[in-house]
Amino acid sequence: MKKQRVMILGTGPAGLTAAIYAARANLAPLVIEGNEPGGQLTLTTDVENFPGFPEGVMGPELMANMRAQAERFGAQFETGWVTDVDLSKRPFKVTVNDTDVYETESIILSTGASSKRLGIENEIEMTGRGVSTCATCDGFFFRGKKIIVVGGGDSAMEEATFLTKFATEVVLVHRRHELRASKVMQERARNNPKIRFELGMVPELVQHDGQKVTGLLVADATSGEKKTLETDGIFVAIGHLPNTAFLKGQIDLDPVGYVKTIGVTSATNVEGVFACGDVMDSRYRQAITAAGSGCKAALDVEKFLEEVGVHEDSVTV
Ligand code: NAP
């Protein structure tokens, strides 16, 4: 069995920043890269608000650079899906792809969050053929077309506003009559002449012609009456869910499933397990805040390993 001092689960900005810091602290971290290497930033194009890039930077390039920086200092990467963990005692056990079991003295959880789906018929099979969860990735393909954005929060307002750059019309579909979004984001969307609101409408079915999306069947939340909203694209912007299914019952999660951390630290209720980035942050969810929390997690791990007396020569790497 392979034994590590620290394993980092997830390779978004949080995990990769943790890897840079842990590697520079000579902890030779083993980083598990899931099936979305680089995390949500690889789904975006221009990142204009990451400090240090006055002209902006492409999301995938930023992540590739972070990864290269971590490798330069000795971080090891393995591709796989964490299927199970045993956090009941140290060394902890981490199972990757159901088969590879690692032992580790500490863990940094940075598995991020993924877009929520509506769970309606044809939604998954039409993803990539008119259904999308990422306006910045796919908006360009809808130049001169009609788009629906589903959701009533800030993400939906932001995506709807952004998509008016490409679309002839954006219809915002929300299941209630009240929007959840902040006033300022609502105002911006409401003042945009290309955005039309269909409130109190519950999405029921994605309609298509076998090739591409043709419409969204919605039901009036009050009367139950159904109608088809014709469209070329459906952007689902109904929030995110943390990737913590493999942690259930092992560590304190909040009611939504985000990992709970203690005070201003990255520590969790399990000694030796730390969390950073979107897996523990439903509020800020920015690349820079994720990176900052990854740095904190690596510093916390370093201190923890020193306190419990885990040194380089006490572990086979
Ligand atoms: P959110 O605030 O949780 O809003 C999700 C929206 O989707 C809600 O309106 C919800 O409806 C709707 N929804 C959820 N599940 C649904 C389902 N199964 N079917 C239909 N509708 C469904 O998520 P978010 O908009 O992604 O924002 C998350 C956080 O990021 C917030 O704190 C937000 O302020 C922040 N954020 C900020 C900015 C910015 O400031 N630039 C941009 C994006 C996000 P209900 O209202 O009925 O629950």
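What follows is a short chat about strand pairing and backbone angles.

Tutor: This is a predicted model, where local features need pLDDT of at least 70, side-chain atom pairs count only at pLDDT 80 or more, and totals for chains, interfaces and linings use all residues. Residues are numbered from 1 along each chain as its sequence is written, and side-chain values use heavy atoms, with hydrogens and water left out.

Student: How many bridges join strand 12 to strand 13?

Tutor: Five, between residues 169-174 and residues 195-199, and the two strands run parallel. Strands here are DSSP runs (E, at least two residues) and helices are H or I runs of at least four, numbered from the N terminus; two strands pair if DSSP finds at least two bridges between them.

Student: What stands opposite valine 173?

Tutor: Glutamate 198, in strand 13.

Student: Which hand does the unit of strand 12, helix 5 and strand 13 have?

Tutor: Right-handed; the β-α-β unit has residues 183-190 as its helix. That means the path from the first strand over the helix to the second runs clockwise, with the strands pointing away from the viewer.

Student: New topic. Where is proline 91?

Tutor: In the loop between strand 6 (82-86) and strand 7 (92-96). The peptide bond from arginine 90 to proline 91 is cis, with omega near -5 degrees. Most peptide bonds are trans.

Student: What about the phi of aspartate 98?

Tutor: Positive, about 65 degrees, although aspartate 98 is not a glycine. Aspartate 98 sits in the loop between strand 7 and strand 8 (100-109).

Student: Is aspartate 98 buried or exposed?

Tutor: Exposed, at 63% relative accessibility. Buried is under 20% relative accessible area, exposed over 50%, partly exposed in between (1.4 Å probe, protein chains only).
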